[in-house]
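Please look over the structure shown here before reading on.

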Amino acid sequence: MLFLCATSYNAIGDTMKRILIWLLMIGLLCGCEARNLPVRETAVEEETKENCYVALTFDDGPSAKYTAKLLDGLKERGVHATFFLIGSLVEDNKELVQRMKAEGHQIGNHSYDHAKLTEMNCATALADIAHGDEVLREVLGEGEYWVRPPYGFIGEETCCAVAAPLISWSVDTVDWQSKNVGKILDIIYRDYTDGAIILMHDQYATSVDAALQAIDHLQAQGVRFVTVQELFRCKAIEPACGKLYRMAK
């Protein structure tokens with residue numbers, strides 16, 4: 001009787017050992033699988049950033065004081081941006097504008113004197129836009145000068161009558177208000193997405209510094225900075241005249 005009990009006990013012991021070994025193996029396999037999950041997630045995230053295209057745009061220039069520094073920084077980084085220029089300032093800074101074109105940046109029309117188009121009738125608003133376009137053609141020659149309405153507002157009738165695509169923005173850095181590099185960068189890093197159009201101004205030293213820091217930081221993560229025109233081309237979007245776009249999507 002004692003022999004049988006001992007035999008049964010040993011059999012049970014061997015069974016328990018086998019069960020424990022199987023449980024240990026299953027646990028190890030599960031642990032390996034769990035450790036691999038973050039690697040796969042990181043790979044997906046990196047792939048997404050490598051295919052992320054963003055357009056930096058600068059309004060209200062050119063600035064005789066700060067635009068040259070911005071152009072220097074963009075050239076050093078191999079980045080092209082889009083400048084929506086005020087016609088009256090173009091006339092006073094022709095060499096800066098010609099440099100923009102020579103270095104591959106896109107140049108757009110931000111009206112002649114930055115008046116509020118929504119406070120004009122359609123004919124007057126169109127004349128203001130046409131005046132800005134005329135100045136750009138005098139300085140740069142014939143070309144396709146996309147339009148950004150001052151303050152981002154334009155009446156529907158006027159919009160439909162503009163003989164060029166109109167560009168708004170999806171990320172407003174409010175750089176003209178804060179004039180704070182940290183706050184500007186916080187907005188860019190928080191709000192940018194693939195196809196984003198980022199609004200900045202090249203009239204402030206803080207905006208120039210923030211733009212170049214943002215490029216350095218995001219380029220290191222695989223984000224690609226392009227002109228608005230290049231952005232639409234990358235996303236296979238054919239922009240239409242008389243239509244307002246917030247982003248390339």
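The points below are grouped by topic.

This is a predicted model, in which local features need pLDDT of at least 70, side-chain atom pairs count only at pLDDT 80 or more, and totals for chains, interfaces and linings use all residues. Residues are numbered from 1 along each chain as its sequence is written, and side-chain values use heavy atoms, leaving out hydrogens and water.

**Strand E6**

- Strand E6 covers residues 196-201; strands (E, at least two residues) and helices (H or I, at least four) are DSSP runs numbered from the N terminus.
- In E6, 6 of 6 residues are buried, meaning under 20% relative accessible area, with exposed over 50% and partly exposed in between (1.4 Å probe, protein chains only).
- Ala 196, Ile 198 and Met 200 point one way from E6, and Ile 197, Leu 199 and His 201 point the other way.
- Strand E1 (residues 53-61) pairs with E6 in the parallel sense over 6 bridges; pairing requires that DSSP finds at least two bridges between the strands.
- Val 54 stands opposite Ala 196.
- Strand E5 (residues 171-172) also pairs with E6 in the parallel sense, over 2 bridges, and Val 171 has Ile 198 as its bridge partner.

**Aromatic pairs**

- The structure holds 3 aromatic pairs, that is, rings of Phe, Tyr and Trp (its six-membered ring) with centres within 6.5 Å; planes under 30 degrees apart are stacked, over 60 edge-to-face and the rest tilted.
- One of them is Phe 58 with Phe 83, stacked at 5.4 Å centre to centre and 25 degrees between the planes.
- Phe 58 lies in strand E1 and Phe 83 in strand E2 (residues 82-85), 25 residues apart.
- Phe 58 is buried at 1% relative accessible area, and Phe 83 is buried at 0%.
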